[in-house]
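Biologist: I'd like to learn how to read a model like this one. Could you walk me through it, feature by feature?

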Amino acid sequence: METIQEYNNKQAQADKAICYALFEEINLALPEAESKIWHPHPVWFLDGNPVAGYSKLKDSVRLLFWSGQTFEEPGLQVEGKFKAAEKRYTSVEQINGTDLQRWLQKSRDIQWDYKNIVKRKGVLERIK
C-alpha cells in the first residue's frame, strides 16, 4: 500500500511543494488523526470519520474538507452533493496558514458522519 510520503514524492515539483505543505499543516493541526491513502489520496480521519485530505487534479492540488460546507468559510468552494468543500492550489505561496489552521480546527469541531453514510443509505447526520 502506498504511503502519503510516496504519494507526495511522485508529484511534479510545484505540486510536491503544495502536498508537503498541506501534509505538515494538517499533521500539526490534527495530531490525533489517523492518516492514510484512501481512494487513492491522503486522507485524515478522526474516530474513523474522514475530515480532511488532498488530491492531485489535472491543473491543481485540491484540499478537501468532508464537512466543509458547514464551516461557513468564504474561502472554500462547494464540492459534490453532500457537505464537502474544497480549496484548490496551483502554487505553495497560495496557502494561507492562518486560514488553513482555522479550517482544520473546524474540521475537528464540525463533523458529519461519513463513516456510516452507506449504512444510512446516503443520509448524513451531524455528529459534532
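Biologist: Which strands each supply at least two residues of the lining of the largest pocket?

Modeller: Before that, two ground rules. This is a predicted model, where local features need pLDDT of at least 70, side-chain atom pairs count only at pLDDT 80 or more, and totals for chains, interfaces and linings use all residues. Residues are numbered from 1 along each chain as its sequence is written, and side-chain values use heavy atoms, leaving out hydrogens and water.

Now, a strand (E) is a DSSP run of at least two residues and a helix (H or I) one of at least four, numbered from the N terminus. A pocket is an open set of points on a 1 Å grid over the protein atoms alone, where a 1.4 Å probe fits, with protein on both sides within 12 Å along at least five of seven lines; lining residues have an atom within 4 Å of a point. Here the strands are E2 (41-46), E3 (49-56) and E4 (61-65).

Biologist: Which residues lie nearest the centre of the largest pocket?

Modeller: Trp38, His41, Arg62, Leu64 and Trp66, out of 13 lining residues. Two of those names turn up again as a pair: tryptophan 38 has histidine 41 in E2 as its bridge partner.

Biologist: What is glutamine 11 in contact with, leaving aside its neighbours within four places in sequence?

Modeller: Contact means heavy atoms within 4.5 Å. With those neighbours set aside, glutamine 11 contacts Lys16, Cys19 and Lys56. Lysine 16 and lysine 56 are 40 residues apart in sequence, yet 9.5 Å apart in space, C-alpha to C-alpha.

Biologist: And where does serine 107 lie?

Modeller: In helix H3 (residues 97-109). Serine 107 is buried, at 2% relative accessible area. Not counting residues up to four places away in sequence, serine 107 touches Leu30, Leu46, Val51, Phe65 and Phe71.

Notes:
Two strands pair if DSSP finds at least two bridges between them. Buried means under 20% relative accessible area, exposed over 50%, partly exposed in between (1.4 Å probe, protein chains only).
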